Structure formats: structure tokens, C-alpha cells
Amino acid sequence: MTEALRWTGDAIEYIDQRRLPHETHLVRAQTVDELESAIKSLAIRGAPALGVFGAYGVVLLRQRISDNEAFKAATERIRNARPTAVNLSWAVDRVLAAGDMLAEANSIHEEQRAIDRMIAQAALPLFSNGSRVLTHCNTGPIATAGGGTALGAIIAAAQAKKNLAVYASETRPLLQGARLTMYELGQAGVDATLIVDSAAAVTMQQKRIDLVIVGADRVARNGDTANKVGTYGLAVAAAHHGIPFYVAAPRSSFDFTLPNGAAIPIEERSGDEVRQVGGIAITDPQTATYNPAFDVTPARLVTGFITEYGILKPPYSESIPELATRPNVGALA
Ligand code: MRU
């Protein structure tokens with residue numbers, strides 16, 4: 001399978017995720033405008049992939065911009081291109097602080113691949129033969145530039161256990177579930193069933209879902225979790241049905257500086273994403289909209305966090321600060 005993104009030496013080459021699953025269109029980003037627009041338009045997306053992209057973006061900008069003030073301004077634009085996924089600012093800051101920027105960006109990418117394998121390994125005991133699992137948005141290889149977090153774990157489990165039943169929600173408005181998750185499951189040879197977002201609760205009830213696993217864009221120190229809009233509703237419905245609700249996320253998606261979810265910046269996107277489907281108007285162009293790209297699931301609804309260091313359980317006031325003290329995965333791998 002084509003990689004989500006790669007450093008070519010003078011550009012970042014990436015798959016334009018807006019054109020999947022219909023075509024695997026590779027694009028080269030070389031300027032700050034191209035980097036910023038790739039991020040803002042969701043041509044490149046998914047919290048860990050944004051981190052890897054931002055890391056190489058800093059390397060690229062340093063190569064091309066010699067004036068320090070102009071370089072700083074350009075890196076700020078990348079750092080702030082999307083506000084919710086903390087991986088982006090985390091990776092930009094990590095590369096900026098490094099002596100050898102390219103080596104650091106390569107490490108971030110390499111570590112992500114290792115982390116994704118470790119998350120899949122940690123998640124395996126949560127599945128049994130015949131487990132019915134529901135996921136949301138897209139958290140597979142193209143969302144991490146590695147093997148994927150929640151979806152990577154589901155794919156690994158489907159390959160290791162028998163008769164897993166996988167349900168994916170379409171993820172309006174931009175349909176990451178329908179377009180990207182179904183595509184990646186197909187590529188991995190895993191059968192899955194697509195549902196509309198509003199069928200999630202009835203699917204839990206009627207199909208007897210055993211497990212919900214989603215990704216994260218930013219987890220606060222108390223475990224409140226920002227992820228693709230619709231995640232909160234899934235967590236509420238899962239709690240109602242007594243279904244375990246897990247968040248799979250690398251440590252780089254935890255923001256240890258934020259006390260709780262109220263402090264997480266939530267991106268609001270254009271109303272046209274709601275008024276249109278695939279560029280086709282489905283309502284009056286003047287229709288008022290509310291289009292938060294993410295919501296925050298309260299920590300009490302999260303059964304556990306599947307990380308590269310294993311599964312974190314409540315009380316999160318203890319297990320999350322403890323996560324901050326663990327050695328870097330580069331040292332573990
Ligand atoms: O707006 P997106 O498509 O970037 O949102 C992606 C998500 O919400 C994912 O669940 C999250 O980034 C984790 S990706 C492993």
C-alpha cells in the first residue's frame with residue numbers, strides 16, 4: 001500500500017486523502033502555502049499523520065527560508081493550521097528544539113510506526129473470536145503515517161481472531177469512515193459493515209456490539225478526550241448499553257498541560273461542509289449551520305486508553321500523569 005506521506009529530500013510527497021477512495025493521487029508540498037493548505041483542507045489529516053507532516057514541514061521550511069524571522073513566522077503557520085490535534089504543535093516544537101532537524105523528523109515518523117504496532121499489541125486481549133466492534137472516523141495507516149491506532153488495532157485483531165464483526169460509522173460531514181476506513185479495511189482484507197452515524201445507537205442495541213474503539217486528537221490530563229465529532233454521542237450510547245468504550249492514542253496525543261476538556265481548543269469548520277455532500281448542495285445555501293469538527297468525551301465515559309505503554313485505566317488522575325513520566329518509545333523499541 002502507498003505510504004500516507006514521505007520525505008523526498010526537497011519536498012513532502014503525500015496522498016491527497018480528499019480523493020480517496022476513488023484515486024490515490026500523490027501531491028508534492030514544497031512551500032509554506034502548500035503545507036498549510038494541505039493541512040487546512042484535510043488533504044492530509046489524522047492527528048499522528050499531522051504530526052509527522054508538520055515535522056517534515058519544519059525541515060522543509062528551514063531548507064528553503066534562510067531569514068530566521070521569516071522561518072519562525074512560517075513554522076507558526078504550520079503549527080496553528082489546525083488547532084485540536086495536539087500532535088501537530090507537539091511535533092513542530094520537537095523538531096524546532098532539535099539540533100539535527102531531519103534526524104528528529106525521521107525519528108518521529110519511525111517512532112509512530114513502532115507506537116502503532118505497540119498499540120495494536122496492547123489492544124489484542126480486548127477482542128475475542130466473534131467480537132463485534134464499532135469504530136468512528138478514520139484512524140488507520142493514512143491517519144498516522146504508520147499502521148494506525150484504533151483501526152490498526154482492529155485490523156490486527158481481525159487478522160489474529162476469528163469472525164470479528166467490524167462496524168464503521170460514515171462520519172459526516174467529510175465521511176472519513178465511509179471513504180477512508182472502509183477503503184483501508186478493504187485493503188487489509190477485513191470485511192466490515194458501514195452504518196450512517198445516526199444508526200450507531202440502534203446498531204449497539206440490535207447487533208450487540210461488544211466494544212467501541214476510537215482515536216483521539218487531544219486528551220487532557222484528567223482523561224477528557226477530543227476526537228472527531230460524533231465520538232461523544234457514541235460514548236453516551238455505549239455507556240447506556242453497558243459497552244466498553246476505549247480510546248486508542250499515542251502519548252503524543254495527550255496534553256499534560258491541560259487540566260480538563262474545557263481547555264481543549266475545538267476547531268469549527270465551514271458551514272458548506274454541512275450544507276453540501278461531496279460538493280453537491282443538499283440544503284438552501286443560506287441555511288445556518290453549526291459545524292464543530294470535534295467533540296469532547298468526558299473521562300468518566302472512557303473505559304480505558306490503549307497506548308504504546310499498555311492500557312491506562314481509571315483513576316486517570318493517577319494513570320495519565322504517570323504516562324508523562326515514561327521513557328520515550330525510541331528508547332523502548
Ligand atoms: O478531522 P480529522 O479527519 O483530522 O479527524 C481525525 C480524527 O478525529 C481521528 O480520530 C484522530 O485524529 C485520530 S487519528 C489516529
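Analyst: Strand S15 (residues 304-307) is covered on both faces: Gly304 and Ile306 on one side, and Phe305 and Thr307 on the other, are all buried. Buried means under 20% relative accessible area, exposed over 50%, and partly exposed in between (1.4 Å probe, protein chains only). The model is predicted, so local features need pLDDT of at least 70 and side-chain atom pairs count only at pLDDT 80 or more, while totals for chains, interfaces and linings use all residues. Residues are numbered from 1 along each chain as its sequence is written, and side-chain values use heavy atoms, without hydrogens and water.

Strands (E, at least two residues) and helices (H or I, at least four) are DSSP runs numbered from the N terminus, and two strands pair if DSSP finds at least two bridges between them. S15 pairs with strand S10 (residues 245-248) in the parallel sense over three bridges; here Ile306 is the bridge partner of Ala248. S15 is also joined to strand S16 (residues 310-312) by three bridges, and these two run antiparallel. Phe305 has Leu312 as its bridge partner in S16, and a hairpin through two residues connects S15 to S16.

Another set of strands forms an open sheet of four, in the order S11-S8-S9-S14, with mixed pairing. S11 (254-255) and S14 (294-297) stand at its edges, each with a single partner strand, so one side of each has no neighbour in the sheet. Strand S8 (residues 218-220) runs parallel to S11 and is joined to it by two bridges, with Phe254 of S11 as the bridge partner of Val219. Helix H10 (residues 231-241) packs on this sheet, touching S9 (225-228) and S14, and its direction makes about 35 degrees with that of S14. Such angles run from 0 to 180 degrees between N-to-C directions, with axes fitted to C-alpha atoms, for helices over the stretch in contact.

An automatic or database domain assignment supplies the domain bounds: domain 1 (5-114) and domain 2 (117-331). Taken over C-alpha atoms, the centres of domain 1 and domain 2 are 23 Å apart. Contact, meaning heavy atoms within 4.5 Å, involves 28 residues of domain 1 and 34 residues of domain 2. The two domains bury about 2,500 Å² between them, and carbon and sulfur atoms give 52% of this. Arg45, Thr84 and Val86 supply 24% of the area that domain 1 buries against domain 2, more than any other three residues. Buried area is the accessible area (1.4 Å probe) that two parts lose on being put together, summed over both.

One salt bridge is counted between domain 1 and domain 2. The term requires a side-chain nitrogen of Lys or Arg within 4 Å of a carboxyl oxygen of Asp or Glu. Glu267 and Arg82 form a salt bridge at 2.9 Å, N to O.

By the same rule the count comes to 17 salt bridges. Among them is that of Glu111 with Arg94, at 2.9 Å, N to O. This pair links distant parts of the chain, Glu111 in helix H5 (residues 101-123) and Arg94 in helix H4 (residues 86-96), 17 residues apart. Glu111 counts as buried at 11% relative accessibility, and Arg94 is buried at 16%.
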